Amino acid sequence: MVQHKSALLGHQKDARFSFEVERYRKDFPILSQRVYGKPLVYLDNAATTQKPRQVIEAIDAYYRTENANIHRGVFYLSERATKHYEEVREKVRDFIHAASSKEIIFVRGATEGINVVSQSYGRTFLKPGDEIIISHMEHHSNIVPWQILCNQIGARLRVAPINDEGELVVGDYAKLFNSKTKFAALSHVSNALGTVNPVKQLIQMAHEAHVPVLLDGAQAAPHLAIDVQDLDCDFYVFSAHKMYGPTGVGVLYGKQAWLEKMPPYHGGGDMISSVTFEKTTYNVLPYKFEAGTPDIAGVIGLGAAVDYLHAIGMNAIQAYEQHLLMFATQTVSKIKGLKIIGTAQAKACVLSFVLDGLHPHDIGTVLDREGVAIRAGHHCAMPIMERFKVPATARASFAFYNTTEEVLVLERALHRALEILK
Ligand code: 7TS
């Protein structure tokens, strides 16, 4: 096994495997700091990723040189800020390969995107007795908004089961569809397990039953190349802060045909075309869904994050992260009493685990003292914890700036936790 480890470490320096992780790490100022005298090993990337200086500098430059409100000023700065903001819409369109930038709505994050669809689409097109399909592995953000909708309109939530590996069972999913099924909402990648769902196939099945599908891409956007036209999803949501951009901003993609038919979610400035006390008419897409002054600096930061990811390449990121995940899985699996929760065939960079007799929070605390930041808890996915009969897991989630050396620090820290806590 030691031999295998060094082979993989060597692999990182192999000319055929040219991912320049050390160069990219230098772009992230926070990663060079020490905590409790130890180098920071940041492994909570599923919660939020760190930001490269390119993103930090874009936000800084915006406030220093461009700050003005958008879509309304007739002066130089406002026109510049508006142009910059709208350029990011086009960048994001390209990033997820949407057909039109009218289909890109800036929201606060994945959570808000799902709430927009559940309330605007759901309250318009669903009626009492209709059914909405989700899966057992959803984040609370993709459960609770649908429950709220069900309570409001008398619809019913159906839950697609998963197997012991943490994979959605396609046959069981198919069985949930009937004439009452009117919507499906699924995670592209699970935050608690790392499972990458076969979403293209699941969407095709839903469409055969004339059911539109929303994908929660919060954990997919940082790891996979996304093509909403190829997936043929009806809606797609993600958050900038999980893909190296700032907090407070995210994206709702919707097929234009749906967005045209949907009423606004928020009312206010910018989303109208004319207002009288008797009647208001709404603005065209995408502005109809962007009421009020948006997070302009956040959108500009998101644009810088998209540029940054584009320069590295999502395919290169995915290949490197798969190598890292394989190495981490093999390394921690050797620890006696450690059980990985979520062993799907197709996984993104998430390692959830429990250690015999140790509480995940205690593991997290010992690891913290070793400089290793992981997450311990239910990861806002309580139903999946209950499915695996654990109250919580410890979760190490990786980004492309993590290294195999850091995986070895994690391994040593876990041994230390066993020494101290057992
Ligand atoms: N969907 C998934 C799959 C997520 O992982 C998260 C956040 C969200 C939605 C919500 O994203 P937000 O940006 O709107 O909050 N997941 C996590 C996590 O795994 N640990 O902290 C937040």
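A polar side-chain atom of Lys242 lies 2.9 Å from a nitrogen atom of the ligand in this predicted model. Taken alone, the ligand exposes 490 Å². The protein buries 87% of that area. The ligand sits in the largest pocket.

**Ligand contacts**

- The side chain of Gln219 places an N or O atom 2.7 Å from an oxygen atom of the ligand.
- Ala110 takes part through its backbone: an N or O atom there lies 3.5 Å from a ligand oxygen atom.
- Lys242 pairs a polar side-chain atom with a ligand nitrogen atom, at 2.9 Å.

**Ligand shell**

- The ligand is surrounded by 15 residues.
- The closest of them are Thr111, Asp216, Gln219, Ser239 and His241.
- By class, the shell around the ligand holds four nonpolar, seven polar and four charged residues.

**The largest pocket**

- The volume of the largest pocket is about 370 Å³.
- Its lining counts 26 residues.
- Nearest the pocket centre lie Thr111, His139, Ser141, Ala218 and Lys242.
- Helix H5, residues 110-125, gives the most to the lining, with three residues.
- The lining divides into seven nonpolar, twelve polar and seven charged residues.

**Backbone exceptions**

- Most residues other than glycine have a negative phi, and most peptide bonds are trans.
- Tyr36 is not a glycine, yet its phi is positive, at about 50°.
- Tyr36 belongs to the loop between strand S1 (34-35) and strand S2 (38-39).
- The peptide bond from Leu285 to Pro286 is cis, with omega near 0°.
- Pro286 lies in the loop that runs between strand S12 (280-282) and helix H11 (296-312).

Methods: Residues are numbered from 1 along each chain as its sequence is written. This is a predicted model: local features need pLDDT of at least 70, side-chain atom pairs count only at pLDDT 80 or more; totals for chains, interfaces and linings use all residues. Side-chain values use heavy atoms; hydrogens and water are left out. A residue is near a molecule or strand if one of its heavy atoms lies within 4 Å of it. A polar contact is a pair of N or O atoms within 3.5 Å; within protein, one must be able to donate a hydrogen and the other to accept it, and residues adjacent in sequence count only if both atoms are side-chain atoms. Accessible areas come from the Shrake-Rupley method with a 1.4 Å probe; for residues, only the protein chains shown count as cover. On a 1 Å grid over the protein atoms alone, a cavity is a set of points where a 1.4 Å probe fits but cannot get out, and a pocket is an open set with protein on both sides within 12 Å along at least five of seven lines; lining residues have an atom within 4 Å of a point. A molecule sits in a cavity or pocket if more than half of its atoms lie within 2 Å of its grid points. Ala, Val, Leu, Ile, Met, Phe, Trp, Tyr, Cys and Pro count as nonpolar, Asp, Glu, Lys and Arg as charged, and the others, Gly among them, as polar. Grid points are joined across faces, edges and corners, and a volume is the space filled by probe spheres set on the points. Helices (H or I, at least four residues) and strands (E, at least two) are DSSP runs, numbered from the N terminus.
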